[in-house]
Amino acid sequence: MKDKRLEEKFEGYFEGVEIPALPNNIVADAKKSVQRRESKWPRFAKIASIAASFVLVFAVAAVLIARADFSAFDQSGAAGDGQTAKIYGVSEVEYIDADAYTLSSVDGSLKFIETLAYAGNADVRTAVTSHFADGETAFAYAQVTLIAGVRYDAEIIVEFTENTFEPLTAYADGAAGNYRGLSYRLTKEIAKNGEPVNKLLVEKGGIKFYFNVQSSDENSYIKCLELLLQN
């Protein structure tokens, strides 16, 4: 069954990519071509109409290319060598509630979430795994709160497929960095309550780790990187 609750949990990610409006000059050219068809020079009007059609075709092509670029990153999260990762959506996976205390049985890379579930200063409120129709595990999702000097509220997604979950594509656009041998992509934002938000993408051992962390700690992403280094 599809889990509507998980879709609600990802509500903040589902901001559709809007196709930009065509430039004014294209609209202006279209208007001119209409006027010229009504003029006394039909051959000139025909040429102008064909030219306007080419401009429109190139504009549409540019929009399609821009949209495709959301998935164009290689194993390091940077632009690839011509091979683009495929994107899958919410409707393509099924969700199963998981036991946070036994997540490592799904995959060893989830051990750090399991450790947080047992920790006295942390709480794993939600744990879910998602699967494709053929049974392959797409990703695991968890909501975690950690108290370590300050409070860290995090959404964690561990993705096992080489393809990318649509709500996560923008993570690859973050600034590149390296921490103790871990390469990452980082995007910094501000929450509605004024707290810093760190959105972090790390790949380790062929698995992608996504963190969306809200905390008064402006560099909360370092806490996430340390969790992975201990994993």
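Reply: Arg185 is found in strand 8. Strands here are DSSP runs of E, at least two residues, and helices are runs of H or I, at least four residues, both numbered from the N terminus. This is a predicted model, where local features need pLDDT of at least 70, side-chain atom pairs count only at pLDDT 80 or more, and totals for chains, interfaces and linings use all residues. Residues are numbered from 1 along each chain as its sequence is written, and side-chain values use heavy atoms, with hydrogens and water left out.

Arg185 counts as buried because its relative accessibility is 16%. Buried means under 20% relative accessible area, exposed over 50%, partly exposed in between (1.4 Å probe, protein chains only). The Arg185 side chain reaches the backbone oxygen of Gly174 at 3.1 Å.

Arg185 is also the bridge partner of Ala176. Strand 8 covers residues 182-190 and pairs with strand 7 over five bridges, in the antiparallel sense. Two strands pair if DSSP finds at least two bridges between them.

Eight strands form an open sheet in the order 2-3-4-5-10-9-8-7, with antiparallel pairing. Strand 2 (94-97) and strand 7 (175-179) stand at the edges with a single partner strand each, so one side of each has no neighbour in the sheet. Neighbouring strands are turned by 25 degrees against each other on average, direction ignored. Axes are lines fitted to C-alpha atoms, for helices over the stretch in contact, and angles run from 0 to 180 degrees between N-to-C directions.

Helix 5 (residues 220-230) lies across several strands, including strand 7 and strand 8. Helix 5 runs at about 25 degrees to strand 9 (196-204). Contact means heavy atoms within 4.5 Å.

Conventions. A polar contact is a pair of N or O atoms within 3.5 Å; within protein, one must be able to donate a hydrogen and the other to accept it, and residues adjacent in sequence count only if both atoms are side-chain atoms.
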